[in-house]
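These are my notebook entries on one structure.

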Amino acid sequence: MSDNKQMLYARNLMSVCIDSTDGCDYQGRIWHQYSDEPLEFDGFLQMLSIMEGLLDEWDFPQKALSTRSFFRQDKSVYKRNVNPDELVIDQVQKENGVRNVQNQRGKRATFIVQVSFRQRATWQGHVIHAESDKKDDFASAMQLLRIMDGYLNS
C-alpha cells in the first residue's frame, strides 16, 4: 500500500474480502467492527443480502423507504430496549466494542465499504480497493458491484 493510505471512519464500516471468483460470482468473507468472526458468503447476491441485514440490524444509516408489511416485524434484537435518545448502532457498539476491520484481507481482493445513505431504495457511499489504495464513490449497490468487478478484472 502507498504512504497515502486511504482510510474510512464510520460506525458501519465493512471489509469485503474476496477469496475467489467463479465466473462472475464472488466468494469470501465480510468483516464488521462488532464481531470477531467474519460472515461468509457464496455469491454477490448473498454478499449484498448480508450487508443489508447488518445495516438493518444496526439501523444505520436509516432507510429512506421501509418495506411494506401487513404484519409487525422487528428483526433487530437491539431495537427493543433502545433509549429514544440513543441510536441503535450506539447500543450495538456499547455491547460489542469496536474492532479494526481495515486490516482484514481477501485472497483475490479487499474492499472497505462505507454506506453513507440508503435512499431511493439503494445504497450510496464510498469504497476503497485496499490493494491499489483507490477510493471510489458509488450511488447504488449495482454501481458498487461494477466498481468491485472493475478491480477484480483489471
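**Entry 1: salt bridges**

I find that the structure holds 8 salt bridges, where a salt bridge is a side-chain nitrogen of Lys or Arg within 4 Å of a carboxyl oxygen of Asp or Glu. I note that this is a predicted model, in which local features need pLDDT of at least 70 and side-chain atom pairs count only at pLDDT 80 or more, whereas totals for chains, interfaces and linings use all residues. Residues are numbered from 1 along each chain as its sequence is written, and side-chain values use heavy atoms, with hydrogens and water left out.

I looked up Arg-99 and Asp-36, whose side chains meet in a salt bridge at 2.5 Å, N to O. Arg-99 lies in the loop between α2 and β4 and Asp-36 in the loop between β2 and β3, so the pair ties together parts 63 residues apart in sequence. For the element names I use DSSP runs numbered from the N terminus: helices are H or I of at least four residues, and strands are E of at least two. Arg-99 is partly exposed, with a relative accessible area of 26%, and Asp-36 is exposed at 52%. Here buried means under 20% relative accessible area, exposed over 50%, and partly exposed in between, with a 1.4 Å probe and protein chains only.

Next I examined Glu-52. Its salt bridge with Lys-63 has the closest N and O atoms 3.7 Å apart. Lys-63 lies in the loop between α1 and α2 and Glu-52 in helix α1, so this pair ties together parts 11 residues apart in sequence. The side chains of Arg-118 and Glu-52 also meet in a salt bridge, at 3.1 Å, N to O. That pair links distant parts of the chain, with Arg-118 in the loop between β4 and β5 and Glu-52 in helix α1, 66 residues apart. I record Glu-52 as partly exposed, at 22% relative accessible area, and Arg-118 as buried, at 5%. Glu-52, Asp-56, Lys-63 and Arg-118 are linked in a network of salt bridges.

**Entry 2: rings**

Tyr-34 is buried at 5% relative accessible area, and Trp-58 is buried at 1%. Phe-111 and Tyr-151 form a tilted pair, 6.2 Å centre to centre with 50 degrees between the planes. Phe-111 lies in strand β4 and Tyr-151 in helix α3 (residues 141-152), so this pair ties together parts 40 residues apart in sequence.

**Entry 3: nonpolar cores**

I looked up the nonpolar cores, each a set of buried Ala, Val, Leu, Ile, Met, Phe, Trp, Tyr and Cys residues joined through side-chain atoms within 4.5 Å. The largest has 31 residues, and those with the most contacts inside it include Val-16, Ile-18, Phe-111 and Met-148. The elements giving two or more residues to this core are β1, β2, α1, α2, β4 and α3. A second, separate core of 8 residues includes Leu-8, Cys-17, Trp-31 and Ile-112.

**Entry 4: backbone geometry**

Most residues other than glycine have a negative phi, and most peptide bonds are trans. I therefore list the departures. The peptide bond from Phe-60 to Pro-61 is cis, with omega near -10 degrees, and Pro-61 lies in the loop between α1 (44-58) and α2 (88-96). Ala-121 has a positive phi of about 60 degrees and is found in the loop between β4 (109-117) and β5 (124-129). Asp-133, in the loop between β5 and β6 (134-138), likewise has a positive phi, near 60 degrees.

Note on methods:
Phe/Tyr/Trp six-rings, centres within 6.5 Å; stacked < 30°, edge-to-face > 60°.
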